[in-house]
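Q: Before the details are discussed, please show the sequence and the model to be read.

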Amino acid sequence: MAEECTHECSGCGVSDCGDRSQPVDHTLKPNDQSTIKHVIGVVSGKGGVGKSLVTSLLASSMQKKGFKVGILDADVTGPSIPKTFGITNPLSADANGILPAQTQSGIKVISTNLMLPQDDLPVAWRGPVVSNAVRQFFNEVNWGEIDYLFVDMPPGTSDVLLTVFQSLPVDGIVTVSAPQELVAMIVGKAVHLAQDMDVPILGLVENMAYFTCPDCGKKHHIFGEPQGKEVAERYEIPAYATLPIDPDFARLCDAGKVEEYDVADALDPIVAQIEKAEWKAE
Ligand SMILES: Nc1ncnc2c1ncn2[C@@H]1O[C@H](COP(=O)(O)OP(=O)(O)OP(=O)(O)O)[C@@H](O)[C@H]1O
């Protein structure tokens, strides 16, 4: 029996006590000043497929709908969210915790790049340090009131992904892929990991699915035929959306003006799924 046992298992960290009747809950609670209603992870099986772009566009779409939105940039060693939104001012803190930066439209952002004296300095941290930083980004930041906190994950099924699934109260994930041959296998890995961790998969965004010729208006499948719809069906992912290859994305991201991109109705199926009531653990 654990020393000074109160028989109140929910508040006890001793996991190997013979008297334990309830499992230990390792899920972090937000900082005292913060209320975070929903946490949505954005994951991709491999790098460079547009995960940060999709995170930024989903966050902007939800903000435009009137929700209070935050982005936790969990891509600690390769952060790109501040640049996409043109945020350069360093983070500050007061007695109530670390204060997130804010984008032009008011999306709150936390990222390691906002802690560096210069944004081109490397963050060469070992895995456990990176995982701790992600935990602190969640529970030591004064997020205030947030309806949807989007977590931009590092690519792949790494240490950080496990940390986020085990430590943050993730309500669901959106997966991002590009139309390449390996997509099914790569999406499958992320989907299986999420299923193992009991995290619902809300949708699949197939980025760079086509390019519309500005002269003739014809759609070209530069990276191969899109296969996201079939993959979404195979893994029973409830929503599927595509984004084109659009030089405006790259231009606006480089200029820090991603919020100005009018994504029209392209991400509507995913946004609807995020808003849908059934999957939410209220
Ligand atoms: N549909 C698109 N059309 C044009 N450019 C795009 C598109 N999607 C992404 N890009 C550009 O590709 C680059 C990589 O995108 P992004 O940073 O979102 O990828 P990522 O998957 O988050 O990368 P990483 O794995 O390194 O975190 C960026 O410069 C972005 O502007």
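**Reading the predicted model**

A: The secondary structure of the chain amounts to eight helices and twelve strands; helices (H or I, at least four residues) and strands (E, at least two) are DSSP runs, numbered from the N terminus. This is a predicted model, in which local features need pLDDT of at least 70, side-chain atom pairs count only at pLDDT 80 or more, and totals for chains, interfaces and linings use all residues. Residues are numbered from 1 along each chain as its sequence is written.

Q: In what order do the strands of the open sheet lie, and which strands stand at the edges?

A: Two strands pair if DSSP finds at least two bridges between them. Here eight strands form an open sheet of mixed pairing, in the order E5-E6-E2-E7-E1-E8-E9-E12. Strand E5 (101-102) and strand E12 (240-242) each have a single partner strand, so one side of each is left without a neighbour in the sheet.

Q: How many bridges join E1 to E7, and how many pair E1 with E8?

A: E1 and E7 run parallel and are joined by seven bridges, while E1 and E8 pair in the parallel sense over six bridges. Isoleucine 40 illustrates both pairings: it stands opposite phenylalanine 150 in E7, and its bridge partner in E8 is glycine 172. Strand E2 (residues 69-73) likewise pairs with strand E7 (residues 145-152) in the parallel sense, over five bridges. Within that pairing, glycine 70 has leucine 149 of E7 as its bridge partner. Helix H5 (residues 183-196) packs on the sheet and touches E1, strand E8 (170-177) and strand E9 (201-206). The direction of H5 makes about 170 degrees with that of E8, where axes are lines fitted to C-alpha atoms, for helices over the stretch in contact, and angles run from 0 to 180 degrees between N-to-C directions.

Q: How is burial to be read, and is E1 mostly covered or uncovered?

A: A residue is buried if 20 or more other C-beta atoms lie within 10 Å of its own, exposed if 12 or fewer, and partly exposed in between, with C-beta atoms placed from the backbone. Of the 282 residues in the chain, 40% are buried. E1 is mostly covered, with eight of its ten residues buried.

Q: Why does valine 164 count as buried, and which residues does it touch?

A: Valine 164, in helix H4 (residues 159-167), counts as buried because it has 25 C-beta neighbours inside 10 Å. Two residues are in contact if their C-beta atoms, placed from the backbone, lie within 7 Å. Not counting residues up to four places away in sequence, valine 164 touches Gly41, Ala74, Val134, Val151, Met153 and Val170.

Q: Which residues come nearest to the ligand?

A: A residue is near a molecule if its C-beta atom, placed from the backbone, lies within 6 Å of it. There are 20 residues around the ligand, of which Gly47, Gly50, Lys51, Ser52 and Leu53 come nearest. Helix H1 (51-64) and helix H7 (247-254) are the elements that give two or more residues to this shell.

Q: Where does lysine 46 lie, and is it buried, partly exposed or exposed?

A: Lysine 46 lies in the loop between strand E1 (35-44) and H1. It is partly exposed, because 18 other C-beta atoms lie within 10 Å. Leaving aside its neighbours within four places in sequence, lysine 46 is in contact with Pro155, Gly156 and Ile186. Glycine 47 is also found in the loop between E1 and H1, and it counts as exposed, with 11 C-beta neighbours inside 10 Å.
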